[in-house]
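This report describes a single protein chain, working from its overall fold down to individual residues. Please keep the sequence and the coordinates in view while reading.

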Amino acid sequence: MPVEDVNKNRTDYAQPGIGHNRPSLSDAAEQNIRTGVLLLCKEALITAIQDRRLQRPHLRVLAAIATCINTRTAKAWPDRASIASMSGLAVKSVSNVILELRGWGYLVAD
C-alpha cells in the first residue's frame, strides 16, 4: 500500500487546527497576546540595559514594574511603596526615577 493511503487512515498524528484536546481559537489568541506582551517587555528591558543614561536604580525600577505587568493589557499599576520594596530603593527615589524614565520614554502614564 502506498504511503499516502496509509496516512489517510491515521488519526494519531498531530494535525494543526482546532479539535478535540486542542486549544480553542480564543485560547490560541489569548496565548499570542501573552507572548506578545512578554516579548515587548523583553525588548524594552534589553533596550534599557543598553541605554547608557540609565543607572542601576532605573533598571531596578523597570524590573519591578515589569514583574507587575498584566499579560492581557500590557499595563502595570504598582504603587511606589511596592516598587520601593521590590527594588530596594526609598519611595522618594522611586518617584524621581519614575519621572526620569517617563521623560526618556520608558514609561507612559495615563
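## Basis of the model

The model is predicted, so local features need pLDDT of at least 70 and side-chain atom pairs count only at pLDDT 80 or more, while totals for chains, interfaces and linings use all residues. Residues are numbered from 1 along each chain as its sequence is written, and side-chain values use heavy atoms, with hydrogens and water left out.

## The chain as a whole

The chain has five helices and zero strands, where helices (H or I, at least four residues) and strands (E, at least two) are DSSP runs numbered from the N terminus. Read from the N terminus on, the order of elements is α-α-α-α-α.

Of the 110 residues in the chain, 19% are buried; buried means under 20% relative accessible area, exposed means over 50%, and partly exposed lies in between, with a 1.4 Å probe and protein chains only. The chain exposes about 8300 Å², of which carbon and sulfur atoms supply 56%, with accessible areas taken from the Shrake-Rupley method with a 1.4 Å probe and, for residues, only the protein chains shown counting as cover. Among contacts (heavy atoms within 4.5 Å) between residues at least 6 apart in sequence, 49% join residues at least 24 apart.

## Helix α5 and its end

Helix α5 covers residues 91-103, and its 13 residues should span 18 Å at 1.5 Å a residue, which agrees with the 19 Å between its end C-alpha atoms; the expected span is 1.5 Å times one less than the number of residues. The buried residues of α5 are Val94, Ser95, Val97, Ile98 and Leu101, and these buried residues pack against α3 and α4. An α-helix has 3.6 residues a turn, so residues three or four places apart point the same way. Just after α5, glycine 105 takes a positive phi of about 90 degrees.

## The loop between α2 and α3

Aspartate 51 is placed in the loop between α2 and α3 (56-66), and arginine 53 is located in the loop between α2 and α3 as well. Aspartate 51 counts as buried because its relative accessible area is 13%, whereas arginine 53, with a relative accessible area of 44%, is partly exposed. Their side chains are joined by a polar contact of 2.7 Å; a polar contact is a pair of N or O atoms within 3.5 Å, and within protein one must be able to donate a hydrogen and the other to accept it, while residues adjacent in sequence count only if both atoms are side-chain atoms.

Leaving aside residues up to four places away in sequence, arginine 53 touches His58, Trp104 and Tyr106. Arginine 53 and tryptophan 104 are 51 residues apart in sequence, with their C-alpha atoms 9.1 Å apart in space.

## Further residues

Threonine 47 lies in helix α2 (residues 25-50) and is partly exposed because its relative accessibility is 42%. Its C-alpha atom is separated by 9.4 Å from that of tyrosine 106, which is 59 residues apart from threonine 47 along the chain.

Alanine 74, in the loop between α3 and α4 (80-87), has a positive phi of about 65 degrees although it is not a glycine; at 36% relative accessibility, alanine 74 is partly exposed. Cysteine 41 is buried at 15% relative accessibility, and cysteine 68 is partly exposed at 31%. With a disulfide taken as a pair of cysteine sulfur atoms within 2.5 Å, the count comes to zero disulfides.
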